[in-house]
Amino acid sequence: MIPRLFLLLSSAVFFLIGINTFIDPQKAVIGLDLHLSSVTAFNEMRANYGGMHLGMGLMLLVAAFKKQYRLAGLWLVCIFTGGLLFGRAVSMFLDGRPNDVLWSITLFELVAVALGAIAITIE
């Protein structure tokens, strides 16, 4: 039950990120100190933060309801968010401290990796 709930929650988060980015890419990144200034930038945001996150959300939703995909879905959350954490750690080392919004996101990603790892052991 816990792995399924974790996948449902993760799916919802990915869907929200994707939908918000599709609706208003500029607003979705304002707290990240990013300012989109071209069609190419908007396209990239809608593809990566919109389309990719919607795809991830759909995969995790399928994994929540299809037992044969559940473990793969849990690993996907851990590897994806773990990759984000690794990139953030490298950036903090090379570039310095980001703003408080990114610190909050980093903490959220760390919790996701930890909870995902726990859910993997339960599954």
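Student: In which handedness does helix 1 pass helix 5 in this predicted model?
Tutor: The model is predicted, and the crossing is described on that basis. The pair packs with axes 9 Å apart. Helix 1 goes past helix 5 in a crossing that is left-handed.

Student: Are helix 1 and helix 5 roughly parallel or roughly antiparallel?
Tutor: Two packed helices are described by the angle between their axes and the distance between the axes. For helix 1 and helix 5 the angle is about 150 degrees. Angles over 145 degrees count as roughly antiparallel. The two helices are therefore roughly antiparallel.

Student: What orientation does helix 1 have to helix 4?
Tutor: The axes of helix 1 and helix 4 cross at roughly 50 degrees and come within 10 Å. An angle under 35 degrees would count as roughly parallel, and 65 to 115 as roughly perpendicular. The crossing of helix 1 past helix 4 is left-handed. By its angle of roughly 50 degrees, helix 1 is oblique to helix 4.

Student: How much space lies in the largest pocket?
Tutor: The lining of the largest pocket consists of 28 residues. Those nearest its centre are I17, H53, R88, I105 and E109. The space in this pocket is about 810 Å³.

Student: Which helix gives the most to the lining of the largest pocket?
Tutor: Elements giving two or more residues to this lining are helix 1 (2-23), helix 2 (25-29), helix 3 (39-65), helix 4 (67-95) and helix 5 (100-122). The highest contribution is eight residues, and it comes from helix 1.

Student: How far apart in space are V13 and H53, C-alpha to C-alpha?
Tutor: V13 belongs to helix 1. V13 is partly exposed, because its relative accessible area is 24% and the buried class is under 20%. In sequence V13 and H53 are 40 residues apart. In space their C-alpha atoms are separated by 8.8 Å.

Student: Is D33 buried or exposed?
Tutor: D33 is found in the loop between helix 2 and helix 3. Its phi is near 60 degrees, a positive value in a residue other than glycine. The relative accessible area of D33 is 55%, and the cut-off is over 50%. D33 is therefore exposed.

Student: What is the C-alpha to C-alpha distance between A114 and I30?
Tutor: A114 lies in helix 5. At 41% relative accessibility A114 is partly exposed. A114 and I30 are 84 residues apart in sequence. Their C-alpha to C-alpha distance in space is 28 Å.

Note on methods: Residues numbered from 1 in each chain as written. Predicted model: local features only at pLDDT ≥ 70, side-chain atom pairs only at ≥ 80, totals over all residues. Heavy atoms only, no water. 1 Å grid on protein atoms, 1.4 Å probe; cavity = no way out; pocket = protein on both sides within 12 Å on 5 of 7 lines; lining within 4 Å. Points joined across faces, edges and corners; volume = space filled by probe spheres on them. Helix = DSSP H or I, 4+ residues; strand = E, 2+ residues; numbered from the N terminus. Buried < 20%, exposed > 50% of the residue type's maximum accessible area, 1.4 Å probe, protein only. Axes fitted to C-alpha atoms, helices over the stretch in contact; angles between N-to-C directions. Left-handed = near helix turned anticlockwise from the far one by under 90°.
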